[in-house]
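The following exercises concern a predicted model. Each task is followed by a solution in steps.

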Amino acid sequence: MDSALIPEGVKRCSFGKFILWIIIVGAVLLWGVVAMLLCWFKGLNQTNMNDAYGFAMWIWADLAVIALGGGAFFTGLLRYVIGKDELKNIINYAVLIGFICYSSALLILAIDIGQPLRGWFIFWHANVHSMLTEVAFCLSCYFAVLTIEYIPLILENRQIDKVPFFHNLSHNMHGIMVIFAATGAFLSFFHQGSLGGTPAVLYGRPFAFREGVLIWPWTFFLFTWSAAACGPCFTILVTWITEKITRKKLVRQNVIMLLAKIAGWMLATYTVAKIIDTWYWATVTAPASGFNFMDFYSNNPLYGPWILVLEIVVCGVIPSLILITKTGRKSSFLLISAVLLAVLGACVNRWVMVLQVMAVPVLTFESWFMYFPSWQEIATTILPVAYGIILIMISYRYLPIFPQEQELEEEKNASIFV
Amino acid sequence: MKEEHKHGKASKFGMVIDLDKCTGCGSCMVACMSENNVPFKKDETNKLDSITWLRIYKLTNGKKFPETDICYIPRPCMQCEGDHGHSPCVSVCPATATDYNHETGIVSQIYTRCFGCRYCMAACPYHARYFNWWDPVWPDGMEKYLSPNVSPRMRGVVEKCSFCFHRYQLAKNKAYAQGRRELKEDEYQTACTQACPAGAITFGDLNNSHHAVYKLVKPDNKHGGRPRNPNAFRLLERLGTNPKVYYLSSREWVRRAGDNYIKDEVKKEHH
Amino acid sequence: MKVCRRSFLSLVIGGAAGTTLSPLPWKLMDDSSIWTQMWPWTPVPEDGEVSYVNTVCSLCPGGCGLTVRKINERAIKIEGMKAYPVNDGGVCLLGLSGLQLLYGPTRVKTPLKRVGARGEGRWEKISWEDAISEVVKKLADLRAKGLSHTVGCISDSDRGTVAHLLGRFLTVYGSPNFIRTPSMQDSYEQTMHLMHGVQASAGFDVENADFILSFGSGLIDGWGSPVRMFKVNSALKGKGKLVQVEPRLSNTAAKSDKWIPIKPGTEAALALGLAHVIIKESLYNRDFVNNYSFGFNDWTDDRGRSHKGFKKLVLDEYGPDDVAEITGISDSTIIALARSFARASKPLAVCGRGQGNTPGGLSEFMAVHALNALVGNINKKGGVWAVPDPDYIRWPEVEMDINAAKGMQANRIDGAGGKTYPDSRYLLNRFPEAVNSGKEYPMKALFVVGANPVYTIPDSKAVKEAFDKIPFVVSFSSYMDETAANADLILPNHVFLERYEDVPMPAGLQKPIVGFSKPVVKPQFNTRHVGDVIIQIAKSFGGVIADAFPWDNYEACLQKTLGNKWNALNKEGFWLDSNFMAKGWKRAFSTPSGKFEFFSRAFAAKNENLFQQFRPVEPEGDEGRFPLILIPYDYMRLASGCIGDPPFAIKTVEDTVLKGDDILVEVNPKSGRGFREGDQAILSTPKGAVKVRVHLFDGIMPGLVAMPRGLGHTAYDEYLADKGINFNELIGPVEDPASGLDAAWGIRAKLTRA
Amino acid sequence: MLPFSFEWLWDISHMLFMGGLWYALTILGLGMTYCIIKAAIDTSKGKGSH
């Protein structure tokens, strides 16, 4: 039964080993589920959030996974709309990673809200002026797009594909994938941007507040941009990790190179824009509210200028330089270091825009608010990681995620025999 | 200005708190809690999960003994007007659970609509919004004192000071029943104003030049209600939130503590 | 197989699609959110008819008028009564929390009889009849053995019908041991007695004063009638000045026009130093001093001995540099203060530390009052008035039998009115020691009414020990407070919102007012009015004891007593003698000289050196072992009297006062070296050692540690119990040599790492 | 979300926002409907059988 489901021409580990790993990761997943149920049944008092930290680790996790899931929309845009054909060899995996990221984001949101059963009010009683409304709408719609993009992949399972209807459906969906991808890109642009707008419209929070154009603060564009830059980096990183674990080459290096190069240029331009934004904010926007630049980076046990250096120089400038140079991309070590840094950069950026925003005192007679998540928060944040690993394991085992896997395998075998 | 409100123009209810008179006694806090069915729990010493619609902050001037000075600042919801009702919290609420009432200038909160995303709390620089981390529990028998005018909130929603909006509604109903459209100044007063033993709180319509609040601060309603009384100030004036809660203090350090200033900046007193 | 799978898949997918498209999920979604909007465990208060009832608060000596909003039979909100002469609409947070006391979990719901060990918390519910007959049996037994004087009663007040009923019962039963809980009222009464020669309370016409000089009185921290004082403080802004002399930046100090930090315990020296400057610069009121005072100049007593007059004494001993040395206040400040005080048109000097919960040294009160005399601000607008008790309680004299007469001849257990302290009326601070040492006689039974001595009296350990020695303790408390928890029998009184009661004379008022408490709601539990219980106990005795109580019940007694005032009180909520004026200087003083006496002749003979060589009341403890001094501070948000903080009130307490269950003590960063904000520490005094946290505060004089009063309850509910430390555990009484009253203002202490 | 929920206003914000939303939803809906119907037709024509 198991072997009948595995795609033709590829090798997978034994079913027993597979199940063993599923159980191990499943245990972590279960831990997360317990924490999730505690939050749902006992309420958010299970967390270490408080009235100063209404937004905390979960919102950071949300923003981070959505940024990293941005690889799906951007790769899709490049592949289907712009026509970078080589990327068809990685698009499936990008879609899968995106699907995991977005479903995780939705799940975390469902835990994070105080009244999960009323969550749908965000749609029904929508306030169109709220960035969060836009996020919710675009996020769910884009999740629908990802599902639509993921379905054909499921339908390509050896057994399902045998059903003519499913075969046809998959074929037809591939046929008009460009429309879905374009819609997805449109939606992503807005929700990534809206997530950027989420902190930046808070004009009562000078650390987060940014000026902008029309209704969109500058971070609206910066977030979209950084998602487009760091999302593909995450795809590359996960692909690399998968290759290491499976001890196989799954995607040809030229495909990775192309994606890395594009991501590199995105990251480079993003970093420049981010530097300009930071400079303007530090010298014009924040002082207008009476804040010195160092007010945001002193008198507290954690946040210092180092975090800015980490985000912009270490995780922005350095990976950009590596990725836009051919030598940098060619070195496997540098490439992986660069994508890792870029991913870290996106995470740090989202952290700063959520948690540091909450930490900075605005009233002169308050001091910094410090917070450490409870185990329930940590467990529910790790839950999606476990879920993602399991979904990847299953998808990799039973679905033809990597179109080049078979030929790469054959080549490898051939080379051994030469 | 004067003519406008005479013809039934919208009100803009606001509060003036005289910090020279405020003794930090806490009556306003308790008046608010008992008026608005605010719950309590065993340990309320973590002020970051303790629901106090009106919280009194204790400020010090930071000087050494015996130059030290302290001042209390009661902080209800500021009912920010922002820019034409674009208060920091209202525009961010995704479910329209909080709203700026243009008739009164009061920021409302609909508990049954709120689904607890807490975006409004992140938006509020005054920490005036509180989340119900727990189900409210009253010891057996104590639910007898709960007022039917304000519904007790359930776990998982945000709540905040409403300037005792139910009192406005009750006063309005009474006035309508008597065939009046306008409320007299003393007909609508918040619970904290009423209880303050020092008489430090004044409440009324900032659009009405006959009201005490207007006379006390002389708001420049063309510029977001900036106070023209040199002893009056608002918290975080520079953010443009345009609060409707004003403070009076004769002490410079207290007025300066109301806002942030960049290094070496001299406070520009409003003329 | 193939078909099977196919149909299965179709079924699943089709089913899912079908369900999604049907109204079912939408309906479920809607219903579940409606359910969250009216969770059955979130209460929905019942609506109904609104009504308002006026009454008077007796939770503290302030006596404010209250208006209670009701919905049907439920009281839902307490507000201040508009136009009430004490508080005019304002109300303090304790009064506002009153409904939490009424409906709260700390109520004693029915008479209880102890079954476990004392304080163990095991009780048996008994009927009122059994409870009363138990008391009567015990008392009759003692009386039969000629031990009626070993029965005592501790009460928070000696005014009003309830206190009079208690006193009357003790008298006719045969015990002199009615003891009022201590406060600054004791010192002020004695000051009035010695300097004015009258039995009266000190009333302060603060509304009309334009310069208030406070020697550590927490004028806006709960001193006097708190709400009235808040109003005065607000009215003073721009009109007058308030100068606060105190070692710690209290709220009063912060709100004053000038805060003068002083070495604690040296306030009397400062008062005399100010007198020095006023006399030296001839700034005193000549008319008053020359014509209406005695002892200003040197004088000779009946036996022909000459005495230094007040003038010579202060001129000799209290020059500004001497006083600067004692008090730590610069001589220029002293001189300037004396001048501005004397030159003000209505200067007023007041004392009584913090909320005035401890009596304090008599020399201090007399020195401060002498300042008022110097500026002639006595029984005058804006000054200190001697206010006699309203005399509406005119019951027939009791007829005593031989047992009663014999019992009444015994010495008071606390020594008040005896040889050593003839001018003192009540000395509860001496009670624990007297009981523990057994020097006088053993106490056999004790009633506690409206008081919580186990919590409020200094040296908790000794108090507890004394209680353990008394075999029969009856508490009349409405709440399970510390004293009730350590009693043998609890006969729960109605709370103030359920009962009729006259509430005479709010603390510090210059006009006699009688407030009127009336039931706002029906009694919620099986409780009885303490007045009714006393009458019932008396009636059970029969004979002369029963005869002394000719009323059917308390309400009848009250109505009869108030006579024609009853109707007015019922309607207005208060009775105010609006014609009352303090007596003019000619008739004001009933001293032997008929004048204001800087020195009471009889008193001076015994206390020659009262002012002569100023010696501050030394705090207990050895300076070497205890380098710091612990002082208490009072704070509006913490009720430190017999009522503990209800949940709302404790919720307002800052996290720099209480964090979790830990109390924070204030220390100047200079004295608190090595401690960071919030650090745990051990605070020890000669009386004991406790765990505290440190709050570094620049507003307190280096060398001191300040601890708030009102925490550290062991009884009451989970919202109050076991939070912080009771200051009384760390301090013991220090007997004032002149009055026997507790003069302790602090105790030596040490702060070490936890 | 729908014109009959009471927050709805016929203003520019709603038209742009909800317009964008419904536009995207329509595309996705129509796209999927097309695929499914076409797949059904294709299947009935016998395509895709192995």
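**Exercise 1.** Compare the span of helix 12 of chain A with its expected span, then state which of its residues are buried and what they pack against.

*Solution.* Step 1: helix 12 of chain A covers residues 305-324, 20 residues in total. Step 2: at 1.5 Å a residue, 28 Å is expected; the distance from the first C-alpha to the last is 27 Å, close to that value. Step 3: the buried residues of this helix include A:Glu311, A:Cys315, A:Gly316, A:Pro319, A:Ser320 and A:Leu323. An α-helix has 3.6 residues a turn, so residues three or four places apart point the same way. Step 4: the buried residues of helix 12 of chain A pack against helix 11 (253-288), helix 13 (326-330) and helix 14 (332-359) of chain A.

**Exercise 2.** Describe the contact between chains B and C.

*Solution.* Step 1: among the five pairs of chains in contact, chains B and C share the most contacts. Step 2: chain C supplies 61 residues and chain B supplies 53 residues. Step 3: on the side of chain C, the contributing elements include helix 2 (24-37), helix 8 (226-236) and strand 3 (74-80); strand 3 of chain C gives the most, with six residues. Step 4: by class, this side of chain C has 29 nonpolar, 17 polar and 15 charged residues.

**Exercise 3.** Determine how chain C stands in relation to chains A and D.

*Solution.* Step 1: the contact between chains C and A takes five residues from each chain. Step 2: helix 2 of chain C gives the most to its side, with four residues. Step 3: that side of chain C consists of one nonpolar, three polar and one charged residues. Step 4: chains C and D do not touch, and their nearest C-alpha atoms are 13 Å apart.

Note on methods
Residues are numbered from 1 along each chain as its sequence is written. Chains are lettered from A and ligands numbered from 1 in the order in which they are written. This is a predicted model: local features need pLDDT of at least 70, side-chain atom pairs count only at pLDDT 80 or more; totals for chains, interfaces and linings use all residues. Two residues are in contact if their C-beta atoms, placed from the backbone, lie within 7 Å. Helices (H or I, at least four residues) and strands (E, at least two) are DSSP runs, numbered from the N terminus. Ala, Val, Leu, Ile, Met, Phe, Trp, Tyr, Cys and Pro count as nonpolar, Asp, Glu, Lys and Arg as charged, and the others, Gly among them, as polar. The expected span of a helix is 1.5 Å times one less than its number of residues. A residue is buried if 20 or more other C-beta atoms lie within 10 Å of its own, exposed if 12 or fewer, and partly exposed in between; C-beta atoms are placed from the backbone.
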